[in-house]
Amino acid sequence: MSRPGPKMPPLSVTDAQRAVLEGWLRRRSTAQALAQRSRIVLECAEGHSITEVSRRLRIAPDTVRTWRRRFIERGLDGLCDDPRPGLPRRITDADVERVIVKTLEETPKNATHWSTRSMAAATGMSQSTVSRIWRAFALAPHRSQTFKLSTDPLFIDKVRDVVGLYLDPPEKALVLCVDEKSQIQALARSQPVLPMVPGVPERRSHDYVRAGTTTLFAALEVATGKVIGSLHRRHRAAEFKKFLAKLDKEVPADLQVHLILDNYATHKTPDVKRWLLSHPRFHLHFTPASASWLNLVERWFAELTHKKLKRGVHRSVQALERDIRTWLADWNEQPRPFVWTKTADEILDKVAAYCRRISDSDH
């Protein structure tokens, strides 16, 4: 007959501890080991024996016994892993600060930015140490970004005007985003395109033959996503005026027409202004200078470029224009509107915060 083991002390869980343990179980980011230990403690707190908890959770009895004892002795802290033994830290806080200051305030003599190797040579540390410090403080000297801020004196007014049309369009009116995609090139590769096969992507020759260019005038209807397009070989005020006449013909006569445009000179010639005076239902709204991102038709141009033009092969301008007209017709069979979500205040606040960051970095 086997002798009974030592009597285990009772395990009790306070309401606060139970809330933490149940939170660890629900949280998706919790490590699986910590979640399992939380289950062990909660099961034991219900009065189940070690053998029963072992069977219910399908783990060894010694595992249940260990974490039960750790919780009784040290509470919630006992469920966390103890620090692992290892070599003492060799990189001091002063060393870390030296690398960060050097990265932010200095540049190497023979380059425009630091690399891990050049910084390691300059500080006497290993390349991996420099890499770890940079990762810890989100420093990436090899990366750079460009920015362009509009200098339009009416920037705020124009943003509010255009965004207001997106979020609260006027009644009995049509809002159209208008722009031109100029210099669309008809390109033919010097060799036939090799089709994709299993394990090998589509391949095309690096060099190409130019066959000419065309310009697409497009008006994106904000409410429905439908696009009215017109192709012309030249990009002048005369072609823009023809496009306006096409819009006048296709938009129902009982609707006012609000056009969102950029500041291109073609849109403001005396001939165009005279046409607008004779067609008073057309109202022009200009985006700020250097702010083409505010015009939704640019997003549609990106779709056209990515899905049709970027990898297209056209041996003549006629073939290019035929492909664009076909793609435009397919789009209008099931048009998809691009939904604008940010208010003018949110945009202006973000621009102001960015300007403050730039100003602070200059000082």
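Reader: Which residue in β5 is the bridge partner of valine 257?
Author: Start with the strands: β4 (residues 256-261) and β5 (residues 282-286) pair in the parallel sense over five bridges. Two strands pair if DSSP finds at least two bridges between them, and helices (H or I, at least four residues) and strands (E, at least two) are DSSP runs, numbered from the N terminus. Within β5, the bridge partner of valine 257 is phenylalanine 282.

Reader: What pLDDT do local features need here?
Author: Residues are numbered from 1 along each chain as its sequence is written, and side-chain values use heavy atoms, with hydrogens and water left out. This is a predicted model, where totals for chains, interfaces and linings use all residues, side-chain atom pairs count only at pLDDT 80 or more, and local features need pLDDT of at least 70.

Reader: Which residues touch the most other members of the largest nonpolar core?
Author: A nonpolar core joins buried Ala, Val, Leu, Ile, Met, Phe, Trp, Tyr and Cys residues through side-chain atoms within 4.5 Å. Buried means under 20% relative accessible area, exposed over 50% and partly exposed in between (1.4 Å probe, protein chains only). Of the 35 residues in this core, those touching the most other members are Val159, Tyr166, Cys177, Leu216, Leu296 and Trp300.

Reader: Within what arc do the buried residues of α7 fall?
Author: In helix α7 (residues 127-136), Thr129, Val130, Ile133 and Trp134 are buried, while exposed Arg135 and Ala136 sit on the face turned away from the buried side. The arc is that of the directions from the helix axis to the C-beta atoms. Seen down the axis, the buried residues line one face of α7, because they fall within an arc of 135°.

Reader: What is the relative accessible area of alanine 138?
Author: Alanine 138 lies in the loop between α7 and α8. Its phi is positive, near 55°, in a residue other than glycine. Alanine 138 is exposed, with a relative accessible area of 70%.

Reader: Where is serine 290 found?
Author: Serine 290 has a positive phi of about 60°, although it is not a glycine. At 39% relative accessibility, serine 290 counts as partly exposed. Its place is the loop between β5 and α11.
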